[in-house]
Amino acid sequence: MTSAISTAEPKPEDIQKTKELEKSLEPFNVFEAEEELNHRMEILAKLNTLVKQWVRDVSIAKNMPEAMAEKLGGKIYTFGSYRLGVHHKGADIDALCVAPRNIERADYFGSFFELLKQQPEVTECRAVEEAFVPVIKMNFDGIEIDLLFARLALKEIPDNFDLRDDILLKNLDQKSVRSLNGCRVTDEILRLVPNIDNFRLALRTIKLWAKRHGIYSNSLGYFGGVSWAMLVARTCQLYPNAVAATLVHKFFLVFSRWKWPQPVLLKQPDNVNLGFQVWDPRVNVQDRFHLMPIITPAYPQQNSTFNVSSSTRKVMLMEFTRGMQITDDIMMGKQLWEKLFEAPSFFYRYRHFIVLLVTSSNADDHLEWCGLVESKIRYLIQNLERNQHINLAHVNPKCYEQHEQNSATTLNGADGKPTPFCSLWFIGLEFERSENLNVDLTESIQSFTDSVHKHAVHIKLLKDGMKIEARHVRRKQLTQYLDPNLLKRERKISDSYTQSSSTAGGGNSNGSASPADAGSRKRKSGDLAASLTSPIAASPAGNNGSASKKRRNDSFDGASNSSFCSITSMTTGQSTEPQHIEGNDVNTPTITAVSNTATTQSGATLTTTSARTASPRNDEGDESTTAPSSSAEEPPSSAGMLDEENCSFDPSTSAANSNGNPHSTSNSNNGSANDSSNGNSSAPAAPAAEVACS
């Protein structure tokens, strides 16, 4: 572990910038009123009383004397954003129910679940017992609560019980250890930061920035709440006396130059050996493939970012770099803090998209179905990344509802009528630049739908009306799926980025492309009339050293909208000859969709069809799939911790075939084409005063 980079006290201008920062956060509802905070405390007190009553009643039912049952206790602990003190208005509460050894997990998902449903304040109560970390989800008097369960090997649970003692984990089952980990990690983070108030304000800022920029979602392969908290906590350790404004600026300085996959650690690993697997790439082969490891400080140490893929890594690195540029301007007085929270344009970054349409026949089914699909989307991203012609698959974490004007594009139920509940996810695609490029997405999409199908059948949660369809669409077809007003706003944002980058002398619509990038683009597109730039491809200099896949012909240049994709649609019995719909530009990709069908155990069908878009000139082949549902999640890799500086593991030699990407193919013929996709980068060297951040 490195010591602090700077222990300098804040200057008056730093304090003033912090006041301005706090004021700029107010319109985004990141602070809760005192009345709302008290309401949360009342809810938790009621839940705690309910747990004690339930433990007592179950114990008496198991023939324990009433006097002994009264002393057993039981307690509700909180973790996550609420425990850290950075929850926003209307946020949910992550909580843990801790029970003594005579209470079984079956009791929790049986009698306690029924007790909760009987409470007048409780609505939308559902149990997800099959999840990697089993949970009961509910709405308690207007507040969403995710309640985990842990059974300790203790006779009683007193009110002042501390969960930080590692010995508590001895002889516990894996599910209880996972459930306890949230509270233990949160408490350890708060213990390790030098100034909690500064930490909280900086974390509120970074969380808002991450959400506004679409990089806040653990399940989709971005960083989740605990990962952002640990990055901010590490920044606080490196600048222990800095106020929030300085911490936010230094946050972008440190992590835009971090030498990933070097792990981020808050403390030296504890010398504990209770038999649980910890994150250690020297021992565990699978840990060597993690792209941006951030290691939890509590035993058993885990990598909280195991879901990160090469595409999500690229997107986050680009946002880190851009955040550094903006905060530089803010600290120099050239910009206001509001600039940091401006949401970038997603739908005008790319020319091609995959849209996932998820439909159900009722609200409860739809909630469950969307939860499953969202937990699986990262597998589709990994499948797309294996395609040597795809440089980037950028998933937008926002789930959009079907716009009422566009109901014609939704899926139909068994009765032929549009299903009432339809949600959409969008994935922006960036292709390599090549002549006569033919891209077949059938295998990638079919593999994804097969995975969803098999998992749903395995846990037997498929219900009638649950469908999923994956379609390829071009940018100009987005009006069939989204509110036109939303697209108009996105276009304005994209135009403003283009103008600002032009003023700054950059060629990127996000203002982050370097002259070297522009030169590389021109060399690769000399046969084009205009050079197209890619806002998402911009990353710190030296990003994997590959020039072959840096810039793509499908990227938006902020002005030209003339290059489109030709589509080849193939179904059984159809000719496989490409159908060029718009133009014959040899530099645009041809996308192929092939029909496949499978049948579930319940009689529902899993299909990949080549549906046509109702447009005079856009006779495109769309890939659609129908799949069953579930709400369970696959387990992540095991976790642990290494010293940041003294780690003997060399990430650069750990996976020669995949270049550090666990999801890339090992085919040597595809190696050079996939180099840029894995997102590995050699970050530029920091100034001498900042190098110690690693």
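How much accessible surface does the protein have, and what share of it belongs to carbon and sulfur atoms? The accessible surface comes to about 27800 Å², and 49% of this area belongs to carbon and sulfur atoms. Accessible areas come from the Shrake-Rupley method with a 1.4 Å probe, and for residues only the protein chains shown count as cover.

This is a predicted model, in which local features need pLDDT of at least 70 and side-chain atom pairs count only at pLDDT 80 or more, while totals for chains, interfaces and linings use all residues. Residues are numbered from 1 along each chain as its sequence is written, and side-chain values use heavy atoms, with hydrogens and water left out.

**Figure 1. Overview of the protein.** The protein contains 15 helices and 16 strands. Helices (H or I, at least four residues) and strands (E, at least two) are DSSP runs, numbered from the N terminus. Of the 694 residues, 57% are buried. Here buried means under 20% relative accessible area, exposed means over 50%, and partly exposed lies in between (1.4 Å probe, protein chains only). Among contacts between residues at least 6 apart in sequence, 76% join residues at least 24 apart; a contact means heavy atoms within 4.5 Å.

**Figure 2. Helix 2 and the residue that follows.** Helix 2 covers residues 34-61. The end C-alpha atoms of this helix are 41 Å apart, which agrees with the 40 Å that its 28 residues should span at 1.5 Å a residue. The expected span of a helix is 1.5 Å times one less than its number of residues. The buried residues of helix 2 include R40, I43, L44, L47, W54 and V58. N48 and S59 are also among the buried residues of this helix. After helix 2 comes N63, which has a positive phi near 70°.

**Figure 3. Helix 7 and its surroundings.** Helix 7 (residues 196-212) has 17 residues and reaches 24 Å from its first C-alpha to its last, close to the 24 Å expected at 1.5 Å a residue. The helix is mostly covered, with 12 of its 17 residues buried. Among them are F199, L201, I206 and W209, together with R204 and K207. The buried residues of helix 7 pack against helix 1, helix 4 (80-84), helix 6, helix 8 (225-238), helix 9 (244-256) and helix 10 (310-331).

Figure 4. Two strands pair if DSSP finds at least two bridges between them.

**Figure 5. Strand 5 and its two neighbours.** Strand 5 (residues 143-151) is mostly covered, as 7 of its 9 residues are buried. Strand 2 (residues 93-99) runs parallel to strand 5 and is joined to it by 7 bridges. I93 has I145 of strand 5 as its bridge partner, and A95 has L147. Strand 4 (residues 135-140) pairs with strand 5 in the antiparallel sense over 5 bridges. N139 stands opposite E144 in strand 5. The hairpin of strand 4 and strand 5 has 2 residues between the strands, and D141 takes a positive phi near 55° there.

**Figure 6. Salt bridges.** Side chains of opposite charge can pair when their charged atoms come close. A salt bridge is a side-chain nitrogen of Lys or Arg within 4 Å of a carboxyl oxygen of Asp or Glu, and a search of the whole structure finds 25 of them. K17 forms one with E20, their closest N and O atoms being 3.9 Å apart. Both residues lie in helix 1 (residues 12-25), 3 residues apart, about one turn of the helix. K17 counts as buried at 15% relative accessibility, whereas E20 counts as partly exposed at 33%.

**Figure 7. A salt bridge between distant parts of the chain.** R105 forms a salt bridge with D173, and the closest N and O atoms are 3.6 Å apart. R105 lies in helix 5 (residues 105-118) and D173 in the loop between strand 5 and helix 6 (174-192), 68 residues apart. R105 is buried, with a relative accessible area of 16%, and D173 counts as partly exposed at 34%.
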